[in-house]
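Please read them alongside the coordinates.

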Amino acid sequence: MAKDKILVTGGTGYIGSHTVVELQQAGYDVVIIDNLSNSNRDVLDGIERITGIRPDFVEADCTDISALRKLFDEHKGIRGIINFAASKAVGESIEKPLLYYRNNLNTLMNLLELMPEYGVEGIVFSSSCTVYGEPDENPVTENSPIKVATSPYGNTKQISEEIIRDFVRSGSGIKSVILRYFNPVGAHPSAEIGELPNGVPQNLVPYLTQTAIGIRKELSVFGDDYSTPDGSCIRDFINVVDLAKAHVVAVERMLTGKSQEDVEVFNLGTGVGLSVKELIAAFERATGVKVPHRIVGRRAGDIEKVWANPERANNVLGWKATATIDDTMRSAWAWQLHLRDLGK
Ligand code: UD1
């Protein structure tokens, strides 16, 4: 018998699709809602090829509350939500702040509003290490200070966390788990699903793999004059499948009454900081493919260094990132090769 029914918003997106796979493999019954603004329907085929199960799919926008009502009316018995549906490009958010506030906040508020009405017990929310800004100390714990957001995107994550806390405290009867992701990278080992960047990638790994395959001429390394050992920025690159698995554990915990608090917060990272230059070297070592790259100036708004202390997730959730960076880089490369086979 299938386990609980879970609504995954943004379920055809990058992290969403990997999470749907892990949920299905753990026996959950999944309904996806996605407006396909940054993904496409083929992702459903990829999911089905991996798990043998085609998830229920509703093409709609979560900012449309009547579409959400219709979904809950037609898919009775949803016990939990994992909310990935959000706009996530930092640069674009500076140019179009209202779009970001509207999409990200209205989506969350619509879901929260309907949860008690439809008996949905809990929501897992995708937050980000961006809430820590430039940390005073690394690694960061969940109690590290929250800094003033440097972009509307980052601000939507901070505000969303506050909205969730206020709504849970208001006596709504719901629970939440807030997951603060570090830098998710890589793809499913089957190469059936992965990150599908729209246009010129803004994030490091998609730009790197597109350069390695010849779509881009060279990768720009944004700055090597930071006060880090090799001068390039340091991040905590976490394998997307490891990240996806954390959602399964979080949902399970929330819905089986194991949460210690009605809102729990977890950092999802490896605990290891890797520089941009080290990441490029790891890719070249793991795949044997060279990545033409050049040092250029710093990118405005970049954080110098941030990596996670994941002990709370390790000890309380019982989850740990296990993939090696070499395996992760090989998975990113296999996905890029798969995209080439598809002519993308
Ligand atoms: C940013 C956000 C993060 C968000 C993520 C999603 C901040 C501080 N971080 O992560 O919250 O979830 O985007 O899009 O707002 N780099 C290059 N060359 C490139 C691309 C990137 O050198 O072509 C470098 C960047 O300078 C950075 C590192 O690679 O040091 C990682 O960049 P990126 O992949 O864009 O992620 P973040 O900026 O860390």
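Predicted model: local features only at pLDDT ≥ 70, side-chain atom pairs only at ≥ 80, totals over all residues.

1. α1 is largely enclosed by the rest of the structure, because eleven of its twelve residues are buried. The buried set runs through Tyr 14, Ile 15, Gly 16, Ser 17, His 18, Thr 19, Val 20, Val 21, Glu 22, Leu 23 and Gln 24. After the helix comes Gly 27, with a positive phi near 100 degrees.

2. Within α1, Thr 19 is buried, at a relative accessible area of 0%. Leaving aside residues up to four places away in sequence, Thr 19 touches Ile 82, Phe 84, Ala 244 and His 247.

3. The largest nonpolar core contains 38 residues, and the members with the most contacts inside it are Ile 6, Leu 23, Val 124, Leu 179 and Leu 268. Elements that give two or more residues to this core include the helices α1 (14-25), α2 (42-51), α8 (240-255) and α10 (311-317), and the strands β1 (5-9), β2 (29-34), β6 (175-181) and β11 (263-268). The greatest contribution, nine residues, comes from α8.

4. What does Val 124 touch, not counting residues up to four places away in sequence? Its contacts are Ile 81, Ile 82, Asn 83, Val 177, Leu 179, His 247, Ala 250, Val 251 and Met 254.

5. There are zero disulfides in the structure. For Cys 129, the closest cysteine sulfur is that of Cys 233, 12 Å away, which is too far for a bond. The sulfur of Cys 233 in turn has that of Cys 129 as its closest, at 12 Å, again too far. Both cysteines are buried: Cys 129 has a relative accessible area of 10%, and Cys 233 has one of 5%.

6. The salt bridge count comes to 30. One of these joins the side chains of Asp 42 and Lys 344, at 3.5 Å from N to O. The pair links distant parts of the chain, 302 residues apart, with Asp 42 in helix α2 and Lys 344 in the segment after α11 (325-341). Asp 42 is partly exposed, at 41% relative accessible area, and Lys 344 is partly exposed as well, at 46%.

7. Other salt bridges lie within a single helix. Lys 70 and Glu 74 pair at 3.8 Å, N to O; both are in α3 (residues 65-74), four residues apart, or about one turn of the helix. Glu 74 counts as exposed, with 53% relative accessibility. In α6 (residues 152-172), Arg 169 and Asp 166 are three residues apart, also about one turn, and their closest N and O atoms are 3.2 Å apart. Arg 169 is exposed at 61% relative accessible area, whereas Asp 166 is partly exposed at 44%.

Key. Residues numbered from 1 in each chain as written. Heavy atoms only, no water. Core = buried A, V, L, I, M, F, W, Y, C linked by side-chain atoms within 4.5 Å. Buried < 20%, exposed > 50% of the residue type's maximum accessible area, 1.4 Å probe, protein only. Contact = heavy atoms within 4.5 Å. Disulfide = S-S within 2.5 Å. Salt bridge = Lys/Arg side-chain N within 4 Å of Asp/Glu carboxyl O.
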